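Hi,

Here is the structure I promised to pass on to you. Please have it open while you read, as my notes follow below.

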Amino acid sequence: MRRPGTLATVALVLLLPAAAAAAEAQAWRQRLPAESAEILSDDITEEVRFGREVAARILGRYGLYANTAMTRYVTLVGQSLARNGNRPELTFRFAVLNTSEINGYACPGGYIFVTRGAIEKMQDESELAGVIAHEMIHVNERHVVNELNIKATEASPVAGLARLIGGSTDAARAAFSQAVDKAVDTLFRTGYKREDESSADRGAVSLSAVSGYDPAGLVRYFERINAAKGSKTTEVLDKTHPAYDARTALLKETMARDGIDSSAFRTNRERFAEAVKQMK
Amino acid sequence: MSRRPVSITAWLFVFVAALAGAAAADEFHYNNFLIGDRASGMGGAYTAVSDDASGLYYNPAGIVYATGRNLSASVNAYYNMTKTYDNVIGGNGWERKATSLLPNFFGILQPLGQFKFGFSYAVPDSIKEDQDQAFYGSLPTSLGSPATRYIINFNNEDNSYLIGPSLAKEVNAKLAVGMTLYVYHRSNQSILNQNILLADGRYEWSNQYIEKVERGYKPIVGLMWTPMEKLSIGLSVGRIFVYSGSMDSQTTVKDADATTPDEYTMTFESDTTKKKYPNEVRLGAAYFVSNALLVSFDTTYYDKVSDPVHGDRVSVVNAAIGTEYYWSRSWALRGGIFSNMANTPELDPSRYNQDEKVDLYGLSLSVSNFSRNTSITLGGSLTTGSGKAQVLSGSTDIQDVDVFGWSLYLSSSYSY
């Protein structure tokens, strides 16, 4: 008697050559309701709640760098950028992570972290602003939120009835927890999508510039940590981010395209040096 | 006591045949229940769509294209079917009604690295059948006297369950493969009581209890191919393999001539022969006309089964056509037509004890309301068909059979 496996193998052999002929996205499979991208106020609340959970995981891993003056300084730089961002509904919070690893992290809802090791590699305030701006763009453009489809659970009668019929109320909680795991995995292991990183780099140039910071600060910072590539301190950074050559090229291209003259913006080198002294 | 070989057994076997016929309401067809939320509304024409939890059942490769990170769906359905047999006993017809109310599908999907993982529970077949009838008059028997009253009380429950995990992967932008491995369980209990009062004052009574249990597994391998934009071709192959089966029956008969309990006969029978099921090959095509309109077609082939113990089955081809239309972001309408052909051969007037053959055709319709994360669907189907049966054991008489069934279901799906 014929076995299903045999039939399936025959089918695969018949269809595979044709299937391999080309490749293209299948967005046309998406039905009308799935295309709705409306963002409600409850979604923002959920984004912040989600980001808080992710932030707690990051703090659990590295710990907070307990230097009030440094935290205040980073917050001031961050707030000056946030004022020029496009997410006025969020309250951005900034902190320094107590690790020699070189990196910055963005959590949905506006939780931004820069590591002590990253700050130690910086030479002026525009570099710090560039890193913070890059992370803020991840938040502003909802990269994690969109990728993981984070949105509020509905409270409508129809949704309640649907959950009742489905007999599952804990599933949403389990899914939330899984999404937090996935976000942490993105930050520490797999990284954002390449297009999201590129978008964050391009956005950082603009945000730094409109906030008065030298956008080339991020270029200088990238070039400097590129020299440290492969060390223990850049282990996470190396595996979660694109190559620095490509990133610096993109930054320079963006600045050239937008006609940004680096010399017209401030670096606040002295103020940065004064702040960093407090880390010693 | 010696039992007359024809008299009581002639009656008894009529209704033993009735028992078999009850189970046959399921066993003689392969497409008794439409499974899934959208799929049910589309008449089961879903092999080339399968992009939600229902795909775990129809074509696991399709779940690769499910939108939403986590998605679950459940269906709760009520079924009702009436079968009418013409001219069975002394010109009287039989009417058997079957109902079932149960959650017949639950499925959940979520990404797992490069794979899509799913888990589902499906009830592809379920029946709860009752017959409570009394016949009066001068009914012919072979007991030496006509019957003045014949009473039958009959209950039959037959449920099949599938539960198990699925895994699917996108091979490239045009091809996805997937597999579901269901654990299969079937349980069937039938109870038949019949009482015959003869014109000469004697009576016969019989009770029969049959219990059947089958355990097995059903692997389903599927692929989804996109030869061109908006066109999807789905193929899945599956089969139930039974690894243990048992049938136990207990029959108690009080013969018309028996006068004391000692003269009653009790018979116990057991059988562990495993039932054979056919290979099931689903091939479907779907055309996604726009983001609001979808048309799909399915054909399902079941090959011939040679099983002398549980009954030979002929090959069957079922077909379904379905469509889905979203007239707004909040509302969708689905419709479908489908067939449920009998897997039994045409009845031969020169033979007896043959299985009935009734080809069924159906119509399905559903309407869904969508909100941001959820959808809720109300749907139903109608099934009808006519055919032939031979319910009197040992008789070459053939009866006309008419079947009419309907179902209603309420389902929900939501993503997180």
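In chain A, helix α10(A) passes helix α12(A) in a left-handed crossing. One thing to keep in mind from the start: this is a predicted model.

On that helix pair, α10 covers residues 216–227 and α12 covers residues 244–257, and the two pack at an angle of about 165 degrees with their axes 10 Å apart. That angle makes α10(A) roughly antiparallel to α12(A), because anything over 145 degrees counts as such. From α10(A), the residues in the contact are A:A216, A:L218, A:V219, A:F222, A:E223, A:I225 and A:N226. They meet A:Y244, A:D245, A:R247, A:T248, A:L251, A:K252 and A:M255 of α12(A). Sorted by class, the contact has eight nonpolar, two polar and four charged residues.

Chain A also has an open sheet of three strands, in the order β1-β3-β2 and with mixed pairing. Its edge strands are β1 (93–97) and β2 (104–107), each of which pairs on one side only. From one strand to the next, the twist averages 20 degrees. Strand β2(A) runs antiparallel to β3 (residues 111–115), and four bridges join them; here A:C107 stands opposite A:Y111.

Two helices go with this sheet. Helix α2 (residues 41–62) of chain A packs on the sheet and touches β1, β2 and β3, its direction making about 20 degrees with that of β3(A). Helix α5 (residues 125–140) of chain A lies across β1, β2 and β3 as well, but runs at about 145 degrees to β3(A).

Now to chain B, whose secondary structure comes to three helices and 16 strands. How does its radius of gyration compare with the globule rule? The radius is 24 Å, close to the 22 Å that the rule gives for 416 residues, so chain B is as compact as a globular protein of that length. Its C-alpha trace spans about 75 × 40 × 35 Å along the principal axes.

Strand β4(B) (residues 147–172) and strand β5(B) (residues 175–198) run antiparallel, joined by 22 bridges. They form a hairpin with two residues between them, and B:E157 has B:Q189 as its bridge partner. Strand β5(B) then pairs with β6(B) (residues 203–228), again in the antiparallel sense, over 23 bridges. B:A176 is partnered there by B:M224. This second hairpin has four residues between its strands, and B:G201 in the turn has a positive phi of about 100 degrees.

Happy browsing!

Definitions and conventions:
Residues are numbered from 1 along each chain as its sequence is written. Chains are lettered from A and ligands numbered from 1 in the order in which they are written. This is a predicted model: local features need pLDDT of at least 70, side-chain atom pairs count only at pLDDT 80 or more; totals for chains, interfaces and linings use all residues. Side-chain values use heavy atoms; hydrogens and water are left out. Two strands pair if DSSP finds at least two bridges between them. Axes are lines fitted to C-alpha atoms, for helices over the stretch in contact, and angles run from 0 to 180 degrees between N-to-C directions. Angles under 35 degrees count as roughly parallel, over 145 as roughly antiparallel, 65 to 115 as roughly perpendicular and the rest as oblique. A crossing is left-handed if the near helix is turned anticlockwise from the far one by less than a right angle, and right-handed if clockwise. Contact means heavy atoms within 4.5 Å. Ala, Val, Leu, Ile, Met, Phe, Trp, Tyr, Cys and Pro count as nonpolar, Asp, Glu, Lys and Arg as charged, and the others, Gly among them, as polar. The radius of gyration is taken over C-alpha atoms; the globule rule is 2.2 Å times the number of residues to the power 0.38.
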